[in-house]
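Subject: Structure for you to look at

Hi,

Here is the structure I promised to pass on. Please open it and keep it in view while you read my notes below.

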Amino acid sequence: MTPPENPRSARFVVDTMLGRLAKWLRILGYDTRYDPALDDDALLRIAQAEGRILLTRDHALARRGGPYAFLVDHEDLILQLRMIRERFGEPADAPFSRCPVCNTRLTIVSRESVALHVPTFIWQQYERFHRCPECGRIYWPGTHFERMRSVLRALEIHDIEIEDGQGLRA
Ligand SMILES: [Zn+2]
């Protein structure tokens, strides 16, 4: 049993109590499985079968997972993300390239194609839209932009250029 070798391509499966962390890992670009219906045995099975790191706050579960598990021993989201990034490296994908709700890679869609699916004032305000091919949700720069920027600042991520109106990037 060997853990995934390349820390740059670290992928995660996240324990049920860490839903908010899972969402933000996806926003940062980490391939992250999360399903509150999964029990401990299922989480461990997925970690081993798919070569994912199980992130948990449960000491006993972390011990059971051995090299496949990582104990998240902070309450604070920023500290959690910082710790994970320091341990496992940068995400494989760019920020905002995954659906925060279902983890699927987003695709860029034409402005015209979303005209009937987003509020008019949003459609008029933004040029670029992304769509999740799995769950159908549509994203635009304003969706998480301000909160995202504050999270990136807190993580001291300066290598990602984010200007106003460009919170979502291909
Ligand atoms: Zn989705």
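On one side of helix α2, D41, A42 and A49 are exposed. This is a predicted model, so please read everything here as computed. Helix α2 covers residues 40-50. Its buried residues are L43, L44 and A47. Seen down the axis of α2, these buried residues fall within an arc of 95 degrees, so they line one face of the helix. The exposed D41, A42 and A49 lie on the other side.

Now the helix pair.

Two packed helices are described by the angle between their axes and the distance between the axes. Helix α1 spans residues 19-28, and helix α4 spans residues 77-88. They pack at an angle of about 55 degrees. Their axes are 11 Å apart. That angle makes α1 oblique to α4. The crossing of α1 and α4 is right-handed.

Which residues meet there? From α1 come R20, L21, W24 and L28. From α4 come L77, Q80 and L81. The residues of this contact divide into five nonpolar, one polar and one charged.

Best wishes

Technical notes. Residues are numbered from 1 along each chain as its sequence is written. This is a predicted model: local features need pLDDT of at least 70, side-chain atom pairs count only at pLDDT 80 or more; totals for chains, interfaces and linings use all residues. Axes are lines fitted to C-alpha atoms, for helices over the stretch in contact, and angles run from 0 to 180 degrees between N-to-C directions. Helices (H or I, at least four residues) and strands (E, at least two) are DSSP runs, numbered from the N terminus. Angles under 35 degrees count as roughly parallel, over 145 as roughly antiparallel, 65 to 115 as roughly perpendicular and the rest as oblique. A crossing is left-handed if the near helix is turned anticlockwise from the far one by less than a right angle, and right-handed if clockwise. Two residues are in contact if their C-beta atoms, placed from the backbone, lie within 7 Å. Ala, Val, Leu, Ile, Met, Phe, Trp, Tyr, Cys and Pro count as nonpolar, Asp, Glu, Lys and Arg as charged, and the others, Gly among them, as polar. A residue is buried if 20 or more other C-beta atoms lie within 10 Å of its own, exposed if 12 or fewer, and partly exposed in between; C-beta atoms are placed from the backbone. The arc is that of the directions from the helix axis to the C-beta atoms.
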